[in-house]
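Welcome! Have a look at the sequence and the 3D view, and then let us walk through some of the details together.

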Amino acid sequence: MTHDLGQYKRNNTASGFLSISTFARRARLSPKALRLYDRLNLLLPAQIDQESGYRYYHETQLATARLIALLRRLDMPLAQIAVVIAQPAPDAAALIAAYWATVERRFATQQTLATYIDDQLRGDERSLKMFTVHQRQQPAQTVLTEQRYLQVAELTTFIGAAMHRLHQLAQDHGGVVAPPFVIYHGQVDEDNDGPVEVCVPIDPTQTTAALPVRHEPAHQAGYTTITKAQVAFPQILAAYDAVARWLTEQGHQHLGAPREIYFTDFAAASPNDLVCDIAYPIIDAAADEQSS
């Protein structure tokens, strides 16, 4: 029996088959990992000796095995790796690029969050000083609107869906004429539910009685511009705090609820792209003094 098994191994080696230990070494994987990938149907042995249970892999499987090893070093989940290696090379490359773009977005968001948490724990105001606040005149607008009471977990889904619905509605009435925005009429967190209002500006001459529209009056605004990574909760709160602090220092009074004004394609933006203004409608201090 020993002689027969040895002959079997020699015959397999001559045919390009490799033992699991040899294949693992050449693929830069461990035998334990290969057994796991076998159980998950991710990378199956080319042959299994029915009497001894020895696993044999073929040299032609090395490229796939090495790709799996590299993707694991990118922390790609095994289920996602299975999808990648089942594709032709160009499609696999596109999937890997999409995965890595997601990782970069998550890292950028986490990096911003880590800085925010560190500043909060240290009582440090660096998170406020990183924002530059400006003042501008906002023109009057007619806006399509949708409003809802909700909490943080529902916020992203609602805003995205409402923006889509209102953009579609705007297309039938002259299109969107200015950046859409989200107004927070009340605090939104784990304990408070707003409400939140999504607004899409349209041409006032295109309105009808059936449309969900209202008039947004002209006003002065204090605002700061933030990146896509900084939009995530709770680090976005630092931008709100920075504008609120500036209003106090400048002697301005709040005229209305704060809002997020989205002036670019948020979905297509990279983590470090500027995408949004955090703005507070204000009563200008100098103008208020003159009127009184």
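## A buried tyrosine and its partners

Y240 is buried, with a relative accessible area of 9%; buried means under 20% relative accessible area, exposed means over 50%, and partly exposed lies in between (1.4 Å probe, protein chains only). This is a predicted model, in which local features need pLDDT of at least 70, side-chain atom pairs count only at pLDDT 80 or more, and totals for chains, interfaces and linings use all residues. Residues are numbered from 1 along each chain as its sequence is written, and side-chain values use heavy atoms, with hydrogens and water left out.

How many aromatic pairs does a search of the whole structure find? There are four aromatic pairs. Rings of Phe, Tyr and Trp (its six-membered ring) pair if their centres lie within 6.5 Å; planes under 30 degrees apart count as stacked, over 60 as edge-to-face and the rest as tilted. Y184 and Y240 form an edge-to-face pair, 6.3 Å centre to centre with 85 degrees between the planes. Y184 lies in strand 6 (residues 181–184) and Y240 in helix 9 (residues 236–250), so this pair ties together parts that are 56 residues apart in sequence. Helices (H or I, at least four residues) and strands (E, at least two) are DSSP runs, numbered from the N terminus. Y184 also counts as buried, at 12% relative accessibility. Another pair, Y262 and F266, is edge-to-face too, at 5.8 Å centre to centre and 85 degrees between the planes. Here Y262 is buried, with a relative accessible area of 12%, while F266 is partly exposed at 32%. Ring pairs also link Y184, Y240 and Y280 into a cluster.

## Charges over rings

Some rings have a charged neighbour. A charge sits over a ring if NZ of Lys or CZ of Arg is within 6 Å of the ring centre and within 35 degrees of the ring normal. The charged end of K228 sits over the ring of F266, 5.0 Å from its centre. For R136, the ring below its charged end belongs to Y223, with 3.8 Å to the ring centre.

## Around H219

R136 turns up again among the residues that H219 touches: leaving aside residues up to four places away in sequence, these are R136, Q137, Q138, L255, R259 and P281. Contact means heavy atoms within 4.5 Å. H219 is found in strand 9 (residues 219–227) and is buried, with a relative accessible area of 8%. Its side chain reaches the backbone oxygen of P217 at 3.0 Å; a polar contact is a pair of N or O atoms within 3.5 Å, where within protein one must be able to donate a hydrogen and the other to accept it, and residues adjacent in sequence count only if both atoms are side-chain atoms. H219 and G256 are 37 residues apart in sequence and 9.5 Å apart in space, C-alpha to C-alpha.

## Strands side by side

Strands of a sheet pair through backbone hydrogen bonds, either parallel or antiparallel. Two strands pair if DSSP finds at least two bridges between them. Three strands form an open sheet in the order 1-3-2, with antiparallel pairing. Its edge strands are strand 1 (17–19) and strand 2 (47–48), each pairing on one side only. Three bridges join strand 1 to strand 3 (residues 55–58) in the antiparallel sense, and L18 has Y57 in strand 3 as its bridge partner.

Strand 5 (residues 141–148) is mostly covered, with six of its eight residues buried. Strand 5 runs antiparallel to strand 8 (residues 213–216), joined by four bridges, and V143 stands opposite R214 there. Strand 5 also pairs antiparallel with strand 7 (residues 196–202) over seven bridges, where Q147 stands opposite E197.

Most residues other than glycine have a negative phi, and most peptide bonds are trans. Which peptide bond is cis? The bond from G194 to P195 is cis, with omega near 15 degrees, and P195 is found in the loop between strand 6 and strand 7.

R28 has a positive phi of about 65 degrees although it is not a glycine. R28 is found in the loop between helix 2 (20–27) and helix 3 (31–39) and is exposed, with a relative accessible area of 62%. N41 has a positive phi near 60 degrees, is found in the loop between helix 3 and strand 2, and is exposed at 59%.
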